[in-house]
Amino acid sequence: METISEQLTDALGIMILGMSLVFVFLGILILGMKLVAKKYAPVPQEKATVNARQPAVTKPAVSPLMAAVIASAIHQHRQKA
Amino acid sequence: MEGLIAFWSESGIANFTPGQLLMMGVGCLLLFLAIAKGFEPLLLLPIGFGAILANIPNGGFTDEGGLLYFAYHVGIETGIFPLLIFMGVGALTDFGALIANPKMLLLGAAAQFGIFATLLGAIGLNLVPGFEFSMQDAAAIAIIGGADGPTAIFLASKLAPDLLGAIAVAAYSYMALVPLIQPPIMRLLTTESERKIKMEQLREVSKKEKIIFPLMVLGLTILFLPAATPLVGMFCLGNLMRESGVVDRLSNTAQNELINIVTIFLGLAVGSKLSADQFLQIETLGILVLGAVAFGIGTATGVLMAKLMSKLSGGKINPLLGAAGVSAVPMAARVVNKVGLEANNQNFLLMHAMGPNVAGVLGSAVAAGVLLAVLG
């Protein structure tokens, strides 16, 4: 009986040690992954901002002035014909 | 006439022992589960057939010089087969979901409690007359709770080779039974509204992150837990071959041809351990019971951890994800998806569940490393 209770205490020790080691190990891994994520930040986010800017720049550039120019050009062209 | 008698005395009918017939029945049951029920057919079919071959009287498959004898000694006793499988699993695993959400590693860690709780349970079982598990035996049994076949076989071949057959069969049958064992526990520990929680879409992951990940895991293992480097090292090699993109041929071989070849022989060799004299013992019953308990506890602690994280994050994490913290890739993740869909038919959790699922593979490899370091 004594040996079993000794074994149980040993097993309990291994349990506490094991669980804390698993958590510490994976915890360090989480930190490492976050560092890597900071340095090599996902590319698609940058792309998304570039894409968002481009239409914002091109739309106003086309609409007010150019539209008027094109419209008058078409008008002239039709009159000639 | 003499020739006929000699023929008869060599025949199977004249030489069967009841134990052999019973174990052939077990082999047939495994074949039935694999073929008719579709439970882990890739493993249960060769294991079941191996069990039948190993129990043929005068067959000589498992005697010195027989095919199964060599398959076992070359592949399993040395630990090579489970390690090759682990390389293939590494090449098959996409860590993207985990890299996108590293916190999921905590779920993979929490689910390993099943392993260590069962260690206590196996030693506690020694109080029952007829059971005499050493600490090494108990550790090899406990790893069933990790729900990772190759890890269980690797650890058992190192710590308790005598129990290997029962442990491997228990590990693989419970992995096949994941869809039956897990859902009741998951429903018991979560509320309907928790199961309905939808999760944000995962961010994209860059190729560099995916390449650095296996190297980082390997580095940490080298620093803190060299005992786990056989398992983790082969796993990381497979994953690096996949993610680097420069050795597609090797990666394809590791995740297809090689893992298939090894699976055939691993299954046969494990099946060969299902011979009557080794398997029909009271310990086997204890191992089967302890394995189921280990599995249940692992699922439960995973879900509880996910509940805690859900509370702390203000309800952004679906607690069902915790159940995927046991390895059993990708079965556990599919079960999470299925139970999530039952609660809300628009809630697809599969990709989110792959994170804790692959974290579970790492977690159980780390747990195996701890047990090897302490008891090996």
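Which residues of H9(B) are buried? They are Phe113(B), Gly114(B), Ile115(B), Phe116(B), Ala117(B), Thr118(B), Leu119(B), Gly121(B), Ala122(B) and Ile123(B), where buried means that 20 or more other C-beta atoms, placed from the backbone, lie within 10 Å of the residue's own. This is a predicted model, in which local features need pLDDT of at least 70, side-chain atom pairs count only at pLDDT 80 or more, and totals for chains, interfaces and linings use all residues. Residues are numbered from 1 along each chain as its sequence is written, while chains are lettered from A and ligands numbered from 1 in the order in which they are written.

**Confidence**

- The model has an ipTM of 0.90 and a pTM of 0.86.
- Chain B has a mean pLDDT of 92, with 100% of its residues at 70 or more; pLDDT is the predictor's confidence in each residue, from 0 to 100.

**Chain B as a whole**

- Chain B contains 21 helices and zero strands, taken as DSSP runs numbered from the N terminus (helices: H or I, at least four residues; strands: E, at least two).
- Chain B is as compact as a globular protein of its length, because its radius of gyration is 21 Å, close to the 21 Å that the globule rule gives for 376 residues. That radius is taken over C-alpha atoms, and the rule is 2.2 Å times the number of residues to the power 0.38.
- The C-alpha trace of chain B spans about 85 × 45 × 40 Å along its principal axes.
- Buried residues account for 58% of the 376 residues of chain B.

- Helix H9 of chain B covers residues 113–124 and reaches 16 Å between its first and last C-alpha, close to the expected 16 Å; the expected span is 1.5 Å times one less than the number of residues.
- H9(B) is largely enclosed by the rest of the structure, because ten of its twelve residues are buried.
- Helix H17 of chain B (residues 248–272) has end C-alpha atoms 35 Å apart, which agrees with the 36 Å that its 25 residues should span.
- H17(B) bends by about 45 degrees at Ala254(B), the bend being the angle between axes fitted to the seven residues ending there and the seven starting there.

**Chain A and its contacts with chain B**

- Chain A has two helices and zero strands, and 14% of its 81 residues are buried.
- In total, 38 residues of chain B are in contact with 27 residues of chain A, contact meaning C-beta atoms, placed from the backbone, within 7 Å.
- The elements of chain B that give two or more residues to this side include H9 and helix H15 (207–224).

Technical notes. Contact = placed C-beta atoms within 7 Å.
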